[in-house]
Amino acid sequence: MRHPKRTGRTSVSRRTVRLATAAMLLVATTLAACGDGGDDGTKAGAPKAPATVPELTKDPLTLSFIWFDWPPAKALEDFANAEYRKERPNATIKVNTVPNANWHDAMFTQFAARKTDFDIAILDSQHIGEAVTNGNILDLTDFVKKNIEVDAYNPYLLAAYGQFPQAETGKRDENASLYGLPLLGDTWTMIYRKDLIGDKPPQTWDEMISVAAKCQADNPGVSGLAFHQANGSDAAAVTYNTVNGVYGGNLWDAKSRKIDGVLNDTAGHEAMDVLVNKMKPLTAKGSGNWFIDEVNAAVAQGKACIAFNWIAASGGLLDPKQSTLGTSREQILGKLGFATLPTQKTNLVPLGGMGMHVSAYSPSAQQAEALNFMRWFEQADVQKKWAAAGGVPARTDALQSPEFLNAGPFNQVYADSVPRMRDMWNVPEYARLVDIENTNVNAALNGAKSPKAALDDIAREQQGVLDSSNRKGGGGL
């Protein structure tokens, strides 16, 4: 959920500073973290954070995050060190990064060892269930009630980036626990060549496919479409899920935990047919393993009529140093347009973005600093500054602010897309479910499986994962 240039970062050692009040917190969390969640998927082993921030150290301290390697990671590190240090000059923020494909394992391998070199884990919404049931992150419910203006957020965004079990899409259960707070909102934007297809973007998915086909025929060497197809992270899965949504399909029945017969119903098969037989032929040769970087490169090099990518990863498209579409931002924007996704039978769009979560195994001083950072970061004025620095905020007042809406041509797209968002399965089995879907969708896109066989295999294999877990209920859809 999550780039042209990648900058490697490695974890850094930190000086452990223990304070009396925070030490008691660490003892409590360490003991509580040894418990696991119950079989019903709702009992969590996550230790509770205090309602108030413990006393903060005056000694030098490094607060470490872990994320995947993409532009928002550097933006966060630069922003936090510039702004948070005005309040906490002894604190240094370090955002350690790993390749996207290794992101989940980089965090959960350390969680399994019950020792982390990071204090704040930046988790996808779907990672929360696994982290909560294993006791890896702090329960922030009491802290949020005392320190965060929950009414300032769209309820679904607050739920998506922190709640477990998660509510039905568009809803938040006010009685459910919160284990994280929003860091970066995101969704897909449709990027289109205004100079090739006109200023008005396609309004329906079918129209988009037709326009892309004509553009490809009229412009040799330019593909009609560019989108994520890779068998890694959630690339191919998000692409299919997006098409599934706009054609009226469902990924599962969350209450009954039924996938087989729901995902691969008539609407689901229509969506897979559209993706494989209508969209795939409009992509470039060799694009069967494209993800964020490759789609951006195709757009920047003028090789795609219409593309889909995450908004938070699209800023580089306006950089003349990375583009052949113009020598200035203005020239590039004369050729590129950014729009919300077309509709079809529904208007659903994928929810992206991530939340911040405190490691249960972080030293006490770092846990206290992490809570203080979250309290600071979620303030209205800070969220507006984060927006101006290139972030995508989740607070409604920040989303509607000039600081955000004027910061990029795709920011209005995000603000308009929030009411349309749909997430994936927010369950502890997420990692296994997404691997099954990525593998099979990628196989269908690359001709290794028929669309029907691929979708039926996804439904059957995912159902087996849920059935074998002996849990009840679900969430996120």
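How many residues does helix α19 have, and how far does α19 reach from its first C-alpha to its last? The views below come from a predicted model, in which local features need pLDDT of at least 70, side-chain atom pairs count only at pLDDT 80 or more, and totals for chains, interfaces and linings use all residues. Residues are numbered from 1 along each chain as its sequence is written, and side-chain values use heavy atoms, with hydrogens and water left out.

**View 1. Helix α19 from end to end.** Helix α19 covers residues 451-469. It has 19 residues and reaches 28 Å, close to the 27 Å expected at 1.5 Å a residue. (Expected span: 1.5 Å times one less than the number of residues. Helices are DSSP runs of H or I, at least four residues, numbered from the N terminus.) After α19 comes N470, with a positive phi near 60°.

**View 2. The buried residues of α19.** Among them are L455, I458, V465 and L466. (Buried means under 20% relative accessible area, with a 1.4 Å probe and protein chains only.) Their cover includes α9 (235-246), α10 (266-279) and α18 (430-445).

**View 3. Aromatic pairs around F111.** The structure holds 22 aromatic pairs. (Rings of Phe, Tyr and Trp, the last by its six-membered ring, pair if their centres lie within 6.5 Å; planes under 30 degrees apart count as stacked, over 60 as edge-to-face and the rest as tilted.) F108 and F111 pair edge-to-face, at 5.2 Å centre to centre and 80° between the planes. They sit three residues apart in helix α3 (residues 103-113), so about one helical turn separates them. F111 and F118 have ring centres 5.5 Å apart and planes at 75°, so this pair is edge-to-face. F118 counts as buried because its relative accessibility is 0%.

**View 4. An aromatic cluster.** Ring pairs link F65, F79, Y84, F373, W376, F377 and W386.

Notes. Helices (H or I, at least four residues) and strands (E, at least two) are DSSP runs, numbered from the N terminus. Buried means under 20% relative accessible area, exposed over 50%, partly exposed in between (1.4 Å probe, protein chains only). Contact means heavy atoms within 4.5 Å.
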